[in-house]
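Keep the 3D view open and find each residue as it comes up.

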Amino acid sequence: MLVTALIVTSAAGVPLRDPNGVSLRRFTTAAALVALLVGVDIAFRAGRARWTAARALAAGGALVSFYVTYLAYRNLKSVVPLLRDELFDRRLADLDRSVFAGHDPAVLLHSLLGTGASAHVLSTAYELFFAFVPVAVAFALVVVPDLRAGLFLTTALAINWALAVASYFLLPSLGPIYADPAAFIQLPHTGVTGLQHALLGARQSFLLDPSAAGGASSIGAFASLHTSILFTAALATNLLGLSRYVKMGVWLLFALTATATIYFGWHYVMDDLAGLAIGVIALGLARAIIGIDLRTARRRLPAPSATPA
């Protein structure tokens with residue numbers, strides 16, 4: 001991913017960079033969380049024996065690799081409009097309407113869920129994604145007892161960055177909120193709507209001067225990365241046999257977030273379906289790369305506590 005980003009950004013005439021230090025900041029946050037969990041693990045659960053130099057090196061390498069991949073992803077996504085100026089929004093919107101008997105899926109959700117409290121609930125769920133990613137990586141590398149299982153999950157999540165950015169180049173699109181903002185004008189101001197306005201301003205500034213320091217474009221509809229990463233994580237909780245509460249929590253967040261992507265106009269339904277496909281492919285590639293036997297990994301995890309009669 002890093003080599004690809006170097007080649008593609010050079011072709012686009014912009015340097016490889018970390019706009020506004022986002023990648024470094026998120027890596028630092030995840031690294032601090034990993035260090036905290038390792039300390040807790042040593043003090044209360046595993047003792048020092050579990051954290052050998054080899055295990056620490058493997059976990060640390062996976063963490064660095066994950067965020068280097070993320071850095072490359074951000075750079076590649078940013079230059080999509082410089083290299084692919086065609087947009088597929090109209091065709092994606094028409095495809096959505098053909099599936100929903102001529103109706104706009106977002107408008108249907110606004111009618112079904114309302115535009116009051118539900119907007120704030122879905123906005124909160126959508127924004128939890130930004131905290132979920134570092135927590136999921138730290139959980140995989142530290143809390144999951146079998147390191148191979150943790151590396152499997154971390155690798156699958158990282159592969160999402162690569163597959164998602166490839167989809168942005170395949171079908172460049174902005175999303176319903178930018179292609180048809182009138183359909184979302186009735187929504188109240190939330191954290192999501194504020195983010196949408198900020199990203200549009202950042203994209204416009206970037207396109208005016210791509211070489212400006214800190215410039216970046218972070219808008220891309222097809223496919224939905226939020227959907228793909230959360231679907232990857234949710235499926236992994238089942239594949240690895242994690243506790244019932246972890247499964248329920250991740251699947252609930254996935255369902256709310258997928259709904260929010262349509263409700264707020266981030267994505268077309270086809271974007272979310274493509275996100276599901278990316279999640280499945282990412283897990284399959286990660287399994288092959290890590291060489292994990294999922295049945296063995298499930299047996300190595302502690303059995304869920306018995307439910308009292």
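This is a predicted model: local features need pLDDT of at least 70, side-chain atom pairs count only at pLDDT 80 or more; totals for chains, interfaces and linings use all residues.

The largest cavity has a volume of about 40 Å³. Which residues line the largest cavity? They are Val14, Pro15, Arg17, Pro19, Asn75, Ser78, Val79, Phe206 and Gly215. By type, this lining splits into five nonpolar residues, three polar and one charged.

Pick out Gly215 from that list. Gly215 sits in the loop between α10 and α11. Is Gly215 buried or exposed? Its relative accessible area is 13%. Buried means under 20%, so Gly215 counts as buried. Now look at its surroundings. Beyond its neighbours within four places in sequence, Gly215 is in contact with Arg17, Pro19, Ser78 and Phe206. Gly215 and Val79 are 136 residues apart in sequence, yet their C-alpha atoms are 10 Å apart in space.

Next, find Thr9. Thr9 lies in helix α1, which covers residues 2–12. Thr9 has a relative accessible area of 2%, so it is buried. What does Thr9 touch, leaving out residues up to four places away in sequence? The answer is Val14, Pro15, Leu16, Asn75 and Val79. One of its polar atoms lies 2.6 Å from the backbone oxygen of Ala5. The Thr9 side chain also reaches the backbone oxygen of Leu6, at 3.3 Å.

Now turn to open space. The largest pocket has a volume of about 750 Å³. How many residues line the largest pocket? There are 37, and Arg26, Lys77, Phe130, Leu199 and Ser218 lie nearest its centre. Several elements give two or more residues to this lining: α2 (22–44), α3 (53–78), α7 (117–143), α8 (147–170), α10 (191–208) and α11 (225–239). Helix α3 gives the most, with seven residues. The pocket lining divides into 23 nonpolar residues, ten polar and four charged.

Lys77 deserves a stop. Lys77 is found in helix α3. With a relative accessible area of 12%, Lys77 falls under the 20% cut-off, so this residue is buried. Which residues does Lys77 touch, not counting those up to four places away in sequence? Its contacts are Val165, Tyr168, Ser217, Ser218, Ile219 and Gly220. Take Tyr168: Lys77 and Tyr168 are 91 residues apart in sequence but 7.1 Å apart in space, C-alpha to C-alpha. Then take Ser218: the Lys77 side chain reaches the backbone oxygen of Ser218 at 2.9 Å. Both Lys77 and Ser218 are among the residues nearest the pocket centre.

The largest nonpolar core holds 62 residues. Within this core, Phe66, Tyr73, Phe152, Leu157 and Trp161 touch the most other members. The largest share of the core, eleven residues, comes from α8. What does Phe66 touch beyond four places in sequence? Phe66 touches Val133, Val137, Thr154, Leu157, Ala158 and Trp161. Apart from this core lies another, of 30 residues, including Leu122, Ala221, Met270 and Ile278.

Note on methods: Residues are numbered from 1 along each chain as its sequence is written. Side-chain values use heavy atoms; hydrogens and water are left out. On a 1 Å grid over the protein atoms alone, a cavity is a set of points where a 1.4 Å probe fits but cannot get out, and a pocket is an open set with protein on both sides within 12 Å along at least five of seven lines; lining residues have an atom within 4 Å of a point. Grid points are joined across faces, edges and corners, and a volume is the space filled by probe spheres set on the points. Helices (H or I, at least four residues) and strands (E, at least two) are DSSP runs, numbered from the N terminus. Ala, Val, Leu, Ile, Met, Phe, Trp, Tyr, Cys and Pro count as nonpolar, Asp, Glu, Lys and Arg as charged, and the others, Gly among them, as polar. A nonpolar core is a set of buried Ala, Val, Leu, Ile, Met, Phe, Trp, Tyr and Cys residues joined through side-chain atoms within 4.5 Å. Buried means under 20% relative accessible area, exposed over 50%, partly exposed in between (1.4 Å probe, protein chains only). Contact means heavy atoms within 4.5 Å. A polar contact is a pair of N or O atoms within 3.5 Å; within protein, one must be able to donate a hydrogen and the other to accept it, and residues adjacent in sequence count only if both atoms are side-chain atoms.
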